[in-house]
Amino acid sequence: MQDILITIFKTLEGFFSFRGRISRREFIMSFLTTFLGFCILGKIEPSCISDSGLITEHCFESRLSILWIILFWFMFAQRAKRCHDVGHSGWWQFIPLYELWLLYAKGQVGKNEYGEDPQDLEEDLSSQKED
């Protein structure tokens, strides 16, 4: 039981960490997860979304504010790791429309200053499964 809890904690830690790199596929999955999460929270708490589609200050006064904070943290962490994959600092994610570029850009091949190539790690995992 303790091993299962440790595995779950390490997995969750990876989702919310700003260190390392993620592949384009992982970024697209996290992008869709974040989008879906914002849609669901917007439906649950409609007063959080203004007529122009922006998040209002009322959101952070509600009982669901912790979910909004968790979702934003997840989003910023995943963006930072994708920035790392293309060889840039995580601060680049705040450039307007940069996230759209991250959806299409190829990551740096091989190890860079932010960690191992996520493509290499995925290939290692798939070869271990075949053995």
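Helices (H or I, at least four residues) and strands (E, at least two) are DSSP runs, numbered from the N terminus. I70 has its place in one such run, helix α3.

This is a predicted model, in which local features need pLDDT of at least 70, side-chain atom pairs count only at pLDDT 80 or more, and totals for chains, interfaces and linings use all residues. Residues are numbered from 1 along each chain as its sequence is written, and side-chain values use heavy atoms, with hydrogens and water left out.

## The chain as a whole

The chain holds five helices and zero strands. Read from the N terminus, its order is α-α-α-α-α. The chain has 131 residues, and 33% of them are buried. Here buried means under 20% relative accessible area, exposed means over 50%, and partly exposed lies in between (1.4 Å probe, protein chains only).

Contacts are heavy atoms within 4.5 Å. Among contacts in the chain with a separation of 6 or more, 59% join residues 24 or more positions apart.

The chain exposes about 9,400 Å², and carbon and sulfur atoms supply 64% of that area. Accessible areas come from the Shrake-Rupley method with a 1.4 Å probe; for residues, only the protein chains shown count as cover.

## Helix α3 and its surface

Helix α3 covers residues 65-85, which is 21 residues. From its first C-alpha to its last it reaches 30 Å, close to the 30 Å expected at 1.5 Å a residue. The expected span is 1.5 Å times one less than the number of residues. Just after α3, G87 takes a positive phi of about 90°.

I66, L67, I69 and I70 make a nonpolar surface patch of about 340 Å². Patches are made of residues with over 30% relative accessible area and no salt bridge; like charges are joined within 9 Å, and nonpolar side chains (Val, Leu, Ile, Met, Phe, Trp, Tyr) within 5 Å. I70 is partly exposed, at a relative accessible area of 40%.

## Salt bridges

How many salt bridges does a search of the whole structure find? The search finds four. A salt bridge is a side-chain nitrogen of Lys or Arg within 4 Å of a carboxyl oxygen of Asp or Glu. Side chains of opposite charge can pair when their charged atoms come close.

| Pair | N to O distance |
|---|---|
| E99 and R79 | 2.6 Å |
| R82 and D85 | 2.6 Å |
| K111 and E116 | 3.8 Å |

E99 and R79 form a salt bridge. That pair links distant parts of the chain: E99 is in helix α4 and R79 in helix α3, 20 residues apart. E99 is buried, at 17% relative accessibility. R79 is buried as well, with a relative accessible area of 14%.

R82 and D85 sit three residues apart in helix α3, so about one helical turn separates them. An α-helix has 3.6 residues a turn, so residues three or four places apart point the same way. R82 is buried, with a relative accessible area of 0%. D85 is buried at 3%.

K111 is exposed, with a relative accessible area of 63%, whereas E116 is partly exposed at 43%. Elsewhere, salt bridges that share partners join R21, R82 and D85 into one network.

Q93 is found in the loop between α3 and α4 (98-104). Is Q93 buried or exposed? Q93 is buried, with a relative accessible area of 7%. Its side chain reaches the backbone oxygen of F76 at 3.3 Å. Leaving out residues up to four places away in sequence, Q93 touches M75, F76, R79, A80, C83 and Y98. One of these, R79, also pairs with E99 in a salt bridge.

N112 is in the loop between α4 and α5 (118-130). N112 is buried, with a relative accessible area of 12%. Its side chain makes a polar contact with the side chain of Q108 at 2.9 Å. A polar contact is a pair of N or O atoms within 3.5 Å; within protein, one must be able to donate a hydrogen and the other to accept it, and residues adjacent in sequence count only if both atoms are side-chain atoms. A polar atom of the N112 side chain also lies 2.8 Å from the backbone nitrogen of Y114.

Which residues does N112 contact, leaving aside neighbours within four places in sequence? They are R21, H84, D85 and G87. Among them, R21 and D85 belong to the salt-bridge network with R82.
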